[in-house]
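The following exercises accompany the structure shown below. Each task is followed by a solution in steps.

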Amino acid sequence: MLKKFSKVLLILVVLIAIGFWIFVQNSKPKYSGELQLNNLYDQVTIYYDDVGVPHIYAQNQHDAYLSLGYVHAQDRLWQMELLRRISAGRLSEIFGEEMIKTDKLFLGLGIEEAAKRSIKKLDTTLQSYKLTQAYLEGINQFVENGTTPVEFRLLGINKEKYSIKDIYNVAGYMAFSFAQAHKTDPLLTNIKAELGEPYLRDLDISINSKATRIYNYPRKNKRLASDISKSVNEILDRTPTPLFIGSNSWVIGPKKTKNKKVIFANDPHIQFSQPAVWYQSHLITPDYELYGFNLGLTPFPLLGHNRKYAYGLTMFENDDIDFYKEGEDQEYTTRKETIMVKDGDDVNFEIREGKHGPIMNDFLDILDSDTPIAVDWVYTKLDANLINFSYEISHAKTLSQFKSGIANLHAPGLNVMYGDAENNIAWFAVGKLYTRSNNANSKFILDGTNGKDDQLNYLSFSQNPQAINPPWNYVYSANNQPDSIAGVLYPGYYVPEDRAKRIVEIIRPKNDFTVEDIQVMINDVESSVVQDLIPIIIENISKVNLSMIEKKAIEILQAWEGKFKTDEIAPTIYIKFIYHLLHNTFADEMGEEGFQQFLKTHLYKRQIAKQIKLGRSIWWDDVKTKDIKELKDEIITRSFHQTITELENQFGDHPEKWTWDKALTVTHKHVFDKVSLLKNFFNVGPFETNGTFAVLNNQGFLINGNGIYNVDSGPSTRRIIDFSDVENGVTIIPTGQSGNVFSKHYKNQSKKYLEGEFVKMMLNKEEIQRSEDKLVIEPVKE
C-alpha cells in the first residue's frame, strides 16, 4: 500500500513539474522563430543581441514602430499596465484600498483631464501621430494574441487594449515625478509660519551665485502647509512605479578628446525598480536608424543615438508648480470622479477647480476644508506635447532641427544634451519658463485672493539657458543651478554643487579623453566637497575626553580622500555623523515629523555644506535645553560622540571593520516585494554597492539614524558614445532588458552594472546578424 501511494505521489510531482515547465516555456517572450501581425506592409526581421535588445529591420517606419510596440509589450506589458493606471487613478482596481489615496491624488491633479484636452487638438496628419498609432497597434496585437504576464494571472487582471490617452498619462506621471515643489514649498511655508523669517535666512533656499553653475553660451495657515508635504510624501512612498530623481550628463568637444571627435555621456537617475525603467531598441529602415531607450508606453525614445548624433537628458529642477491659498469668494467648477476598489466599495468624490487649478483639499484627505489650497501646474495648464517633442528629437537631421524640436516641450523641465559627428556639442534647458511681475517667492504658498501673485510673464524658448559649442569645449548638467535667465538666476529645487563640481574638476584640466576615461568617470565615487568639509568638522570636535576609538575615527577621517568605496571605513562614519548633525541642528525646531519631511527634499542636501561652514546660525541652538545656547562646536561634538557610540554598538569596537559595504545595499524591487512568498522570486538583489548621493555614481537613499542604508535610486542607465568609433558605443542598465521573470534577460546585466562594466550598443549589421535569436514577422495573409 505504501509503495503504491509513493508511486502515485511521485507521478503527481512529476506531472506538476512538467506542467510548471510547460507554463514557464509558454510564458517566456518569443525571441526567435516566426509570427504574423496584422497591418504590416512587409516582412520585418528582428535580431536579439546577447542582452535582449531587439534590432528591428523593416522596410518602412510604420512597420518598424508596429513591431516595436509588439516586442516592447511582450517584454514589458506589466510595466505598461502600472504606468497607464497611475495617472488615471486606477491602481485601486488591482491593489485594493491601500491605493485609494494615490488614485485620489493623481485624479485630483487632472493629468487625465489635461490628456483628453490635448488629444482633441492633435493633428492626425502628422507622422508623429501615425507612428504612435502604429506602435499602439503592435502593443494591442500582443494584448490580444500574446501570452499573459504572470503578474496579471496572480492579481486576476484582465488585459485591456491601449490608447493614445494612456501614452499621455505616462507623460503626465513623468512630469509630476520630476517636481519637487509639492515636497518643498509647503515645508518652507510651515517653517516660516511657525519659526519666523530668521530661521529661513540660514536655510539654503536662495540662489548661491558662488556655487558651480552650468554656464550659458547661446549663439546669436501653520499646519496646513506641513500636512500637504506629509500627505504627498506618504502617497509617493507607496507608489508602485519609479520616480525620476536626477541625472548626470556631459558632452566633450573634439579639442578635449584624444581622437578629436565628440564623446557623449549620460546617466539619468531614477528610482530603482524591477523591471528596469528603460527598454532599449534599435530601429533600422531605408530612411531611418536610431538606437534608443524608451519608457514604458512611449514610442519615441527620450535617449538615443545613431551614426550622426546622440542626445540625452537630465532633470532641470526648475519650479513649475505653485500653490495658492484661495479666498472665500473664489468661484469653482466641479468634476466628479469615481475610484473602483478591488474587494471594496467604489469611492466617489468631487474636485473643485478655480482659476489657479484644482483644490487639493478635495483629494488630500489630511487637509481641512476651511482653507482651500489650489495647485497651479504648468503641465496641466498648457497643452501637453511630449509625443511631438520625442518624435522631433529622435528624427532630427541637424542641430538646428533638434533645437526646434525641443522648443515644443513645456513640462517637465529637462536639461537636454546633444553631440554629433560634425563635432557640435550643446546643452539646452527645456521647459516653459516664466517670471513674476511682483517678484513673489514661489517657494512658499502664494496669495490667491488679490491676483498680484499670479501675474506671470512667459518667456520665449530663446531666453532659456543653453550653451552651443562653448569655447571651454564641453557642456554638462548635474541638476545644479543653471546660468541666468532673463537677467536673473531662475528659481528651482537644484541639488548642491557636489556632482557638478566633480565633473568640472575632472574635465577642465584634461584634453585627451578616451572612452575608457569616461567609463571610469561615470562610475566615480569621489566627493571633493566632502574633502573640504572634513577639516572643518574635525576642527570643531572637542578633543577633551575622547576615547581611543573616537581618536581612531578622527584619524580615519583625516586620511580619507572622500571616496565612497565598499572597503572604505570613513563613509560609514561620515554619513551617520551627517544624519546626527542634521537631526541635532533641525529636529528640535522642526519637530520629528517635519524633520523627516525635510529629509525627503533636496533642501537637506543643500544644507549640509552650508551649515557646516556657518560659524553662527540660529539653528545651532537646541531649543529643548533651557538657559543654554548651543554653538556650532557643541552640536558637532555631540553628533560625533553619538555617531561613534552607535557604530560601536552596531559593528563592534574595531573601526577597521566598519566598512561601507556593511551599511549600503541595493535591491531592485518588484511590485510583489511586500508579498513574502513572491519577493525573492521577482526582486533582483540585495547586493552590496558603492557610492552615495553626492558623487557621480549617485546612489540615493533615505539618510537615517539606524546606520543601514537601502539604495532606492541611481543611474537608470549609463551610456557613452564616441563619434570616432560610433559602432562601439557602450551602455548598461541596472537589471535586465525584460520585465518577464521567466526571460533570460530579466536580470542578466545586474552584476556587470554593480561592477561598473558595460555592454556594446550594436550598430554594425554584420555583427548584429550573427545573433542566435532571430524573429521574423510576416504580414497576416488575407
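Helices (H or I, at least four residues) and strands (E, at least two) are DSSP runs, numbered from the N terminus. The model is predicted.

**Exercise 1. Backbone angles in two loops**

Task: Determine where Asn 469 lies and whether Asp 627 counts as buried or exposed, and describe the phi angle of each residue.

Solution. 
Step 1. Asn 469 is placed in the loop between β20 (466-468) and β21 (474-477). Its phi is near 50 degrees, which is a positive value in a residue other than glycine.
Step 2. With a relative accessible area of 25%, Asn 469 is partly exposed, because buried means under 20% and exposed means over 50%.
Step 3. Asp 627 belongs to the loop between α20 and α21 (632-651). It is not a glycine, yet it has a positive phi of about 65 degrees.
Step 4. The relative accessibility of Asp 627 is 84%, so this residue counts as exposed.

**Exercise 2. A sheet of three strands**

Task: State the order in which the 3 strands of the open sheet are arranged, and name the edge strands.

Solution. 
Step 1. The order in this open sheet is β23-β22-β24, and the pairing is mixed.
Step 2. The edge strands, each pairing on one side only, are β23 (684-688) and β24 (709-711). From one strand to the next, the twist averages 25 degrees.
Step 3. Strands of a sheet pair through backbone hydrogen bonds, either parallel or antiparallel.
Step 4. Strand β22 (residues 664-668) and β24 run parallel and are joined by 3 bridges. Val 666 has Val 711 in β24 as its bridge partner.

**Exercise 3. Two covered helices**

Solution. 
Step 1. Among the buried residues are Leu 603, Tyr 604, Arg 606 and Ile 608.
Step 2. The buried residues of α15 include Asp 498, Arg 499, Arg 502 and Ile 503.

**Exercise 4. The surroundings of two residues**

Task: Find the element that contains Leu 82 and the loop that contains Asp 453, and list what each residue touches beyond four places in sequence.

Solution. 
Step 1. Leu 82 is part of helix α2 (residues 61-87). Its relative accessible area is 5%, and it is therefore buried.
Step 2. Beyond its neighbours up to four places away, Leu 82 touches Leu 91, Ile 94, Phe 95, Pro 240 and Thr 241.
Step 3. Leu 82 and Val 170 are 88 residues apart in sequence, and their C-alpha atoms are 9.6 Å apart in space.
Step 4. Asp 453 lies in the loop between β18 (446-447) and β19 (456-458). Its relative accessibility of 13% is the reason that it counts as buried.
Step 5. Outside four places in sequence, Asp 453 is in contact with Tyr 324, Arg 436, Asn 438, Ala 440, Leu 446 and Asp 447. Its C-alpha atom is separated by 8.9 Å from that of Asn 441, 12 residues apart along the chain.

**Exercise 5. The largest cavity**

Task: Describe the space in the largest cavity and identify the element that gives the most to its lining.

Solution. 
Step 1. The largest cavity holds about 120 Å³ of space. It is lined by 18 residues, of which Gln 74, Pro 149, Glu 151, Gly 739 and Asn 740 are the closest to its centre.
Step 2. Two or more residues of the lining come from each of α2 and α7 (150-155). With 6 residues, α2 gives the most.
Step 3. By type, the lining of the largest cavity comprises 8 nonpolar, 6 polar and 4 charged residues.

How values were computed: Residues are numbered from 1 along each chain as its sequence is written. This is a predicted model: local features need pLDDT of at least 70, side-chain atom pairs count only at pLDDT 80 or more; totals for chains, interfaces and linings use all residues. Side-chain values use heavy atoms; hydrogens and water are left out. Two strands pair if DSSP finds at least two bridges between them. Axes are lines fitted to C-alpha atoms, for helices over the stretch in contact, and angles run from 0 to 180 degrees between N-to-C directions. Buried means under 20% relative accessible area, exposed over 50%, partly exposed in between (1.4 Å probe, protein chains only). Contact means heavy atoms within 4.5 Å. On a 1 Å grid over the protein atoms alone, a cavity is a set of points where a 1.4 Å probe fits but cannot get out, and a pocket is an open set with protein on both sides within 12 Å along at least five of seven lines; lining residues have an atom within 4 Å of a point. Grid points are joined across faces, edges and corners, and a volume is the space filled by probe spheres set on the points. Ala, Val, Leu, Ile, Met, Phe, Trp, Tyr, Cys and Pro count as nonpolar, Asp, Glu, Lys and Arg as charged, and the others, Gly among them, as polar.
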